[in-house]
Amino acid sequence: METAYYKTPIGIARLTEEDDFITTIYMLDEEFEIKPPQTPILKEAIKQLDEYFAGERKVFDLPIKQKGSAFQQQVWEELSKIAYGNTISYMQQSKLMNNPLGIRAIASANGKNNLIIVIPCHRVIGSDGSLTGFGCGIWRKKWLLEHEARVIGTGQTKLDL
């Protein structure tokens with residue numbers, strides 16, 4: 001498994017590649033020495049993240065794969081459909097998945113997403129508009145939502161009720 005550490009506006013990100021797939025993009029609270037990417041796929045991932053943070057990329061085109069149950073894979077697939085600069089609630093996500101009673105399980109699967117930004121779990125918020133449930137820190141979730149809102153000029157940082 002190849003690993004790179006990349007400095008972003010919201011801290012150091014650890015990126016891992018395994019079998020020609022990006023398997024992790026995760027923000028760290030600890031300081032790590034920046035380790036440049038050594039493989040073409042990691043280099044491309046960092047290039048696309050640079051474009052995202054510069055406001056030039058809204059959709060990622062990377063070979064990604066993360067380990068998880070079939071249910072988790074479904075949840076992450078649904079996350080991938082949330083448009084840049086938009087938010088939905090956990091309740092809305094459960095309804096979109098035709099599983100309105102599975103809201104807690106869906107929220108838990110969101111929390112196990114290891115491909116942040118690329119699989120945009122930061123775009124899911126509480127039904128009351130609160131910013132909840134982001135393993136990399138609520139302040140980062142807020143930053144990402146505000147960044148996307150600035151880029152498109154009309155984005156949401158809270159749910160329209």
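Helix H1 (residues 40-53) lies across E1, E2 and E3, at about 15° to E1. Axes here are lines fitted to C-alpha atoms, for helices over the stretch in contact, and angles run from 0 to 180 degrees between N-to-C directions. Helices (H or I, at least four residues) and strands (E, at least two) are DSSP runs, numbered from the N terminus. This is a predicted model, in which local features need pLDDT of at least 70, side-chain atom pairs count only at pLDDT 80 or more, and totals for chains, interfaces and linings use all residues. Residues are numbered from 1 along each chain as its sequence is written, and side-chain values use heavy atoms, with hydrogens and water left out.

**Sheet**

- The strand order is E1-E2-E3 in an open sheet of three strands, and the pairing is antiparallel. Two strands pair if DSSP finds at least two bridges between them.
- E1 (2-8) and E3 stand at the edges, each with a single partner strand, so one side of each has no neighbour in the sheet.
- From one strand to the next, the twist averages 20°.
- Strands E2 (residues 11-18) and E3 run antiparallel and are joined by seven bridges.
- Arg14 has Tyr26 in E3 as its bridge partner. For Glu18, the bridge partner in E3 is Phe21.
- Two residues lie between the strands in the hairpin of E2 and E3, where Asp19 takes a positive phi near 55°.
- Seven of the eight residues of E3 (residues 21-28) are buried, so the strand is mostly covered. Buried means under 20% relative accessible area, exposed over 50%, and partly exposed in between (1.4 Å probe, protein chains only).

**Salt bridges**

- The whole structure holds six salt bridges. The criterion is a side-chain nitrogen of Lys or Arg within 4 Å of a carboxyl oxygen of Asp or Glu.
- Arg140 and Asp29 form one through their side chains, at 2.8 Å, N to O. This pair links distant parts of the chain: Arg140 is in helix H5, Asp29 is in the loop between E3 and H1, and they are 111 residues apart.
- Arg140 is buried, at 3% relative accessible area. Asp29 is exposed, at 63%.
- Lys81 and Glu78 meet in another, at 3.6 Å, N to O. Lys81 counts as exposed because its relative accessibility is 55%. Glu78 counts as buried because its value is 14%.
- Glu148 and Arg123 meet in a salt bridge at 2.9 Å, N to O.
- Glu148 is buried, with 0% relative accessible area.
- Lys47, Glu51 and Arg57 are linked in a network of salt bridges.

**Arg123**

- Arg123 is buried, with a relative accessible area of 4%.
- Its contacts, leaving aside neighbours within four places in sequence, are Lys58, Ile82, Ala83, Tyr84, Gly85, Asn86, Thr87, Ile88, Leu145 and Glu148. Contact means heavy atoms within 4.5 Å.
- Arg123 and Lys142 are 19 residues apart along the chain, and their C-alpha atoms are separated by 9.6 Å.

**Lys141**

- Lys141 sits in helix H5 (residues 138-152).
- Lys141 is buried but has no salt bridge, and Asp128, the nearest side chain of opposite charge, is 10 Å away. For charge, Lys and Arg count as positive and Asp and Glu as negative; His and the chain ends are not counted.
- A polar atom of the Lys141 side chain lies 2.4 Å from the backbone oxygen of Val124.
- Not counting residues up to four places away in sequence, Lys141 touches Tyr90, Cys121, His122, Val124, Ile125, Leu131, Thr132, Gly133 and Phe134.

**Asn114**

- Asn114 is in the loop between helix H4 (103-111) and strand E5 (124-125).
- Asn114 counts as partly exposed because its relative accessibility is 33%.
- Beyond residues up to four places away in sequence, Asn114 touches Thr23, Thr24, Ile25, Tyr26 and Gln66.
- Asn114 and Ser69 are 45 residues apart in sequence and 13 Å apart in space, C-alpha to C-alpha.

Terms used
Polar contact = N/O pair within 3.5 Å; in protein donor to acceptor, adjacent residues only side chain to side chain.
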